[in-house]
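Please read the points below with the sequence and the model open side by side. They are set out as a colleague's note, by region.

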Amino acid sequence: MNRILRLTLVSVTYLLPLSVPAAEVDNRQSAIGNGVYTFREEHSRDGISKFYMGREIAHVMGHQAADWLERPEREEEEKTDLLVQSLKIRPGSVVADIGAGTGYFCRRLSKLVGNKGQILGVDIQPEMLQLLTNNMAEASITNVKPILGTITNPALPAAAVDLVLMVDVYHEFSHPFEMIQNICKSLKPDGRIVFVEFRGEDPSVPIKPLHKMTEAQVRKEMSVHPLEWAETLTPLPRQHIIIFKKKANP
């Protein structure tokens, strides 16, 4: 059953200072500054019982399902080439692909940035990074750098990234506040963050509710960061492309 259960809150809310090292923060005691994570004993089977700004966080897709990322029909279903073209990436850019998985988008992005640019392929699963590394070697692609991130930090270089791309991954972040906080630190002054999510407003999109997001929810969650909404693009059949830029004077 895909519907989200609407039940009363039965657990307490936790708040810790952001200075607590990630390794010492219990999964049920997470700091987020301008808001709090809450937990519900009864929740959707597709979620982790952890809520952020009214949204239940979805389970992460494991490396065991990596073949789904490379399915032959993906281009037809999602128009991924059109997605990449819509980003208007310039040659020589540094682009971070968060939740890079097998490198499906890294391959496509590498052509756009060229030899003078770089793709940073970030994932928290070593098995995914191994698949990414193998796939890049097989395709003779040399401008993709694999990075092992954590659930709170993508481990990107500071003030060095032109564009951060997240395709169908943000809704699975167990620590969305901390992740975006650290992603913002990686952006150049004119850097952009791009969310590609299945449209939560559209019940006809055949994706489980927790694996979709509305534009309003994305914008709500970004409102606590030094970002400003730039535009939302809708050329894709099932997803929207929601773009933010770094604030000039946060």
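What is the volume of the largest pocket?

1. The model is a predicted one, in which local features need pLDDT of at least 70 and side-chain atom pairs count only at pLDDT 80 or more, while totals for chains, interfaces and linings use all residues. Residues are numbered from 1 along each chain as its sequence is written, and side-chain values use heavy atoms, with hydrogens and water left out.

2. The largest pocket has a volume of about 710 Å³. A pocket here is an open set of points on a 1 Å grid over the protein atoms alone, where a 1.4 Å probe fits and protein lies on both sides within 12 Å along at least five of seven lines, and lining residues have an atom within 4 Å of a point; the volume is the space filled by probe spheres set on the points, which are joined across faces, edges and corners. Of the 37 lining residues, Val 60, Met 61, Asp 168, Val 169 and Glu 172 are the closest to the centre of the pocket, and the elements that give two or more residues to the lining are α1 (66-69), β4, α4 (104-113) and β5. Helices (H or I, at least four residues) and strands (E, at least two) are DSSP runs, numbered from the N terminus.

3. By residue type, the lining of this pocket divides into 21 nonpolar, eleven polar and five charged residues, where Ala, Val, Leu, Ile, Met, Phe, Trp, Tyr, Cys and Pro count as nonpolar, Asp, Glu, Lys and Arg as charged, and the others, Gly among them, as polar.

4. Helix α4 is largely enclosed by the rest of the structure, because seven of its ten residues are buried (under 20% relative accessible area with a 1.4 Å probe and protein chains only; exposed is over 50%, and partly exposed is in between). The buried residues of α4 are Tyr 104, Phe 105, Cys 106, Arg 107, Leu 109, Ser 110 and Val 113, and the helix is followed by Gly 114, whose phi is positive, near 75°.

5. In α7, the buried residues are Gln 217, Val 218, Glu 221 and Met 222. Seen down the axis of α7, these residues fall within an arc of 130° (taken from the directions from the helix axis to the C-beta atoms), so they line one face of the helix. What covers them includes α6, β8 and β10, with contact meaning heavy atoms within 4.5 Å.

6. Lys 88, in the loop between α3 (80-86) and β4, has a positive phi of about 55° and is exposed, with a relative accessible area of 66%. Ala 155, in the loop between β6 (144-148) and β7, has a positive phi near 60° and is partly exposed, at a relative accessible area of 42%.
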